[in-house]
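I opened this notebook to record what I looked up in one structure.

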Amino acid sequence: MSKVAIIFHSGYGHTKKQAEAVLAGAIAADASAELIAIDAEGNITEDQWASLNAADAIVFGSPTYMGSVSWQFKKFADASSKPWFSQAWKNKIAAGFTNSATMNGDKLSTLHYLFTLSMQHSMIWVGTGLMPANSKAAQRDDINYVGSFAGAMAQSPSDSSPEEGPAKGDLETARLFGMRVAQTADRMAR
């Protein structure tokens, strides 16, 4: 059984919903999985650092603010220089997800940031493995409607509550993504 840690920051609750969907997917794939929320000051506890170090896979999540991760996530990323120095996360599975208010919202820039962070740590990146919903018949609640291969993307209107967004299809995309990450981590552990 693989151990999956999902570390994320959520400013308004939408990215937390996405993280919970990733968690549900990892658990559905028989992984031992946990959410680690970065607090409003950009911190996590020593026990949470230990959970990241013990994980087989680390999934990074942040809302996209001004074309990149939130400052709280960036503070965590900068603090990860301690495990970086000893290459504690080397060869762990890595993946990422993000949410923004608009359909594009420069979410790919955020995923590129998360990818680069994982490469700094010598991790192995896993994308969605999901085909996009890009036909004329596609509906907003289809899987991978936002069309990302690099990581899970979601869109939540700026005036929506976390109960209203992300869309069902975006949450199902995140759940399937969590399954893929856990399954990949399990294969790598064999």
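The entries below follow the order of my reading.

**Entry 1. Ground rules.** I note that this is a predicted model, in which local features need pLDDT of at least 70, side-chain atom pairs count only at pLDDT 80 or more, and totals for chains, interfaces and linings use all residues. Residues are numbered from 1 along each chain as its sequence is written, and side-chain values use heavy atoms, with hydrogens and water left out.

Entry 2. Helices (H or I, at least four residues) and strands (E, at least two) are DSSP runs, numbered from the N terminus.

I then followed Ile7, taking contact as heavy atoms within 4.5 Å. Apart from neighbours within four places in sequence, Ile7 touches residues including Ile36, Ile44, Leu52, Phe60, Phe73 and Phe76.

**Entry 3. Strand E6.** Which way do the residues of strand E6 (residues 152-155) point? I find Ala152 and Ala154 on one side and Met153 and Gln155 on the other, all of them buried. Strand E4 (residues 93-100) runs parallel to E6 and is joined to it by 4 bridges; strands pair if DSSP finds at least two bridges between them. In this pairing Asn99 is opposite Ala154.

**Entry 4. Salt bridges.** I searched the whole structure for salt bridges (a side-chain nitrogen of Lys or Arg within 4 Å of a carboxyl oxygen of Asp or Glu). The search gives 6.

- Glu20 bridges to Lys16, with the closest N and O atoms 4.0 Å apart. The two are separated by about one helical turn because they are 4 residues apart in helix H1 (residues 14-28). Glu20 is partly exposed at 34%, and Lys16 is partly exposed at 41%.
- Asp170 bridges to Arg140, with the closest N and O atoms 2.6 Å apart. Asp170 lies in helix H6 (residues 168-189) and Arg140 in the loop between strand E5 (124-125) and E6, so the pair ties together parts that are 30 residues apart in sequence. Asp170 is buried at 1% relative accessibility, whereas Arg140 is partly exposed at 23%.
- Arg175 and Glu172 meet in a salt bridge of 2.7 Å, N to O. Both lie in helix H6, 3 residues apart, about one turn. Arg175 is partly exposed at 26%, as is Glu172 at 25%.

**Entry 5. Helix H2.** Which residues of H2 are buried? They include Trp49, Ser51 and Leu52. They lie on the same side of H2 because they cover an arc of only 155 degrees around the axis, the arc being that of the directions from the helix axis to the C-beta atoms. Exposed Glu46 and Asp47 sit on the face turned away from the buried side. The cover over the buried residues of H2 includes E1, strand E2 (32-37), E3, H3 and helix H4 (81-85).

Methods
Buried means under 20% relative accessible area, exposed over 50%, partly exposed in between (1.4 Å probe, protein chains only).
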